[in-house]
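Take a look at the sequence and the structure, and then follow the notes below by topic.

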Amino acid sequence: MNTSNIIVTNSKDLERVSFMIAKTAGNISPALMAAKVAMVAELKRRMEKGEIVEFDFVKKTTNEIRHAIGCLYQNLIAPKITGTGMPNSVYGNFTYFDLTQNQFRSFSYETIV
């Protein structure tokens, strides 16, 4: 059996799907949604391994495509944490440390390109 085309999902991926459906009012095709879930999962996997990753997303307020270079390096991020609020993932957002802005940034899952 050829398993190269099987997409494996977990509870976090399903959570991302529900956020995308809600934020787009259900106006997202299943294929596009699956692609975006896979891209966010891969981005998170690579950043958690310590990689610096380049990616693009659409800024919702201006519809412009933003290019980002970011990481999840704890030694860079920990000194920047000042709040004790809820993580952005609760709202369907991906938070990363932007190395060009030297600040935390986030984007909505459905806006990754």
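A residue counts as buried under 20% relative accessible area and as exposed over 50%, with partly exposed in between. Lysine 60, at 48% relative accessibility, therefore counts as partly exposed. Please keep in mind that this is a predicted model.

**Salt bridges**

- The structure has six salt bridges by the rule used here.
- Lysine 60 forms a salt bridge with glutamate 110, and their closest N and O atoms are 3.1 Å apart. Glutamate 110 lies in the segment after strand 4 and lysine 60 in the loop between strand 1 and strand 2, so this pair ties together parts that are 50 residues apart in sequence. Glutamate 110 is buried, with a relative accessible area of 10%.
- Glutamate 42 pairs with arginine 45, with 2.6 Å between the closest N and O atoms. These two are three residues apart in helix 2, about one helical turn. Glutamate 42 is partly exposed at 34%, and arginine 45 is partly exposed at 38%.
- Lysine 49 and glutamate 51 meet through their side chains in a salt bridge of 3.8 Å, N to O. Lysine 49 is exposed, at 56%, whereas glutamate 51 is partly exposed, at 25%.

- Four strands form an open sheet in the order 1-2-3-4, with antiparallel pairing. Strand 1 and strand 4 (103–108) are at the edges with a single partner strand each, so one side of each has no neighbour in the sheet. From one strand to the next, the twist averages 45°.
- Strand 2 (residues 65–71) pairs with strand 3 over two bridges. Cysteine 71 has phenylalanine 97 in strand 3 as its bridge partner.

**The nonpolar core**

- The largest nonpolar core has 18 residues, and Leu43, Met47, Phe55, Phe94, Tyr96 and Phe107 touch the most other members. Two or more residues each come from helix 1 (11–23), helix 2 (30–48), strand 1 (53–58) and strand 3 (93–98). Helix 2 gives the largest share, five residues.
- Leaving out residues up to four places away in sequence, phenylalanine 107 touches several residues, including Leu43, Phe55, Phe94 and Ile112.

**Aromatic rings**

- There are seven aromatic pairs in the structure. In one of them, the rings of phenylalanine 97 and phenylalanine 104 have centres 5.6 Å apart and planes at 85°, so the pair is edge-to-face. Phenylalanine 97 is buried at 1% relative accessibility, while phenylalanine 104 is partly exposed at 32%.
- Phe55, Phe57, Phe94, Tyr96 and Phe107 are linked by ring pairs into a cluster.

Key:
Residues numbered from 1 in each chain as written. Predicted model: local features only at pLDDT ≥ 70, side-chain atom pairs only at ≥ 80, totals over all residues. Heavy atoms only, no water. Core = buried A, V, L, I, M, F, W, Y, C linked by side-chain atoms within 4.5 Å. Buried < 20%, exposed > 50% of the residue type's maximum accessible area, 1.4 Å probe, protein only. Contact = heavy atoms within 4.5 Å. Pairing = 2+ DSSP bridges. Axes fitted to C-alpha atoms, helices over the stretch in contact; angles between N-to-C directions. Phe/Tyr/Trp six-rings, centres within 6.5 Å; stacked < 30°, edge-to-face > 60°. Salt bridge = Lys/Arg side-chain N within 4 Å of Asp/Glu carboxyl O.
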